[in-house]
Amino acid sequence: MNMSSPRVRRIADRIKVIVAQMLERRIKDPRIGFVTVTDVRVTGDSQQATIFYTVLGADSEAELAGTAAALESAKGLIRSEVAKQLGTRTAPTLEFIHDALPETARHLDDVLARAKAQDEAVAASRGATYAGEADPYKKPREDEEDLEDEWDDEE
């Protein structure tokens, strides 16, 4: 989907606002949970709009499926309102897609927390002594005599 044009981006932003207002005020389907429109992508010719949404507090697949079915049944009403408010010659077809980004982010947070806990456990179990010297970095020589002694040794 090409959203490089400023006009297409404005249309996408406007559709996002219209759909969010419709879901909040006009769509009274009890199957629709607490839906948040996360993103809208519109094709370059403005003929198709893909609407990404999340459902807050939807714990089961049945709740997500109910919300998806409710959005699908309200698609015609939402599309007619989008057409009316956009004022364009044609109304874009709408496609609703559940946005899995929050669940993916939550999963990654859990994985990172487990990795941090394992790192802390490993750090606690190892000794406080170093495998080599305490300071393994070479220091610049400060005495000229050290250099002369080395040159004498080489001869």
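A: On one side of helix α2, E61, A62 and S73 are exposed, where exposed means over 50% relative accessible area, buried means under 20%, and partly exposed covers the range in between, calculated with a 1.4 Å probe on protein chains only. This is a predicted model, in which local features need pLDDT of at least 70 and side-chain atom pairs count only at pLDDT 80 or more, whereas totals for chains, interfaces and linings use all residues. Residues are numbered from 1 along each chain as its sequence is written, and side-chain values use heavy atoms, with hydrogens and water left out. Helices (H or I, at least four residues) and strands (E, at least two) are DSSP runs, numbered from the N terminus.

The buried residues of α2 are L64, G66, T67, A70 and L71. They cover an arc of only 160° around the axis, which puts them on the same side of α2; the arc is that of the directions from the helix axis to the C-beta atoms. As for the length of the helix, the 13 residues of α2 should span 18 Å at 1.5 Å a residue, and its end C-alpha atoms are 18 Å apart, which agrees; the expected span is 1.5 Å times one less than the number of residues.

The buried residues of α2 pack against α1, β1, β2, α3 and β3, contact being heavy atoms within 4.5 Å. The largest nonpolar core has 27 residues, and those with the most contacts inside it are I15, V19, L23, V40, V42, I51 and I78. Such a core is a set of buried Ala, Val, Leu, Ile, Met, Phe, Trp, Tyr and Cys residues joined through side-chain atoms within 4.5 Å. At least two residues of this core come from each of α1, β1, β2, α2 (61-73), α3 and β3, and the largest share, eight residues, is supplied by α1.

Because Y53 lies in strand β2 (residues 48-56) and F96 in strand β3 (residues 93-98), the pair ties together parts that are 43 residues apart in sequence. Y53 is buried at 3% relative accessibility, and F96 is buried at 13%.

Among the four salt bridges found in the whole structure, one joins the side chains of R26 and E81 at 2.9 Å, N to O; a salt bridge is a side-chain nitrogen of Lys or Arg within 4 Å of a carboxyl oxygen of Asp or Glu. R26 lies in helix α1 (residues 6-26) and E81 in helix α3 (residues 75-86), so this pair ties together parts that are 55 residues apart in sequence. E81 is buried, with a relative accessible area of 9%, whereas R26 is partly exposed at 45%. K84 also meets E81 in a salt bridge, at 3.5 Å, N to O, and salt bridges that share partners join R26, E81 and K84 into one network. Another salt bridge links K75 with E72, the closest N and O atoms being 2.8 Å apart.
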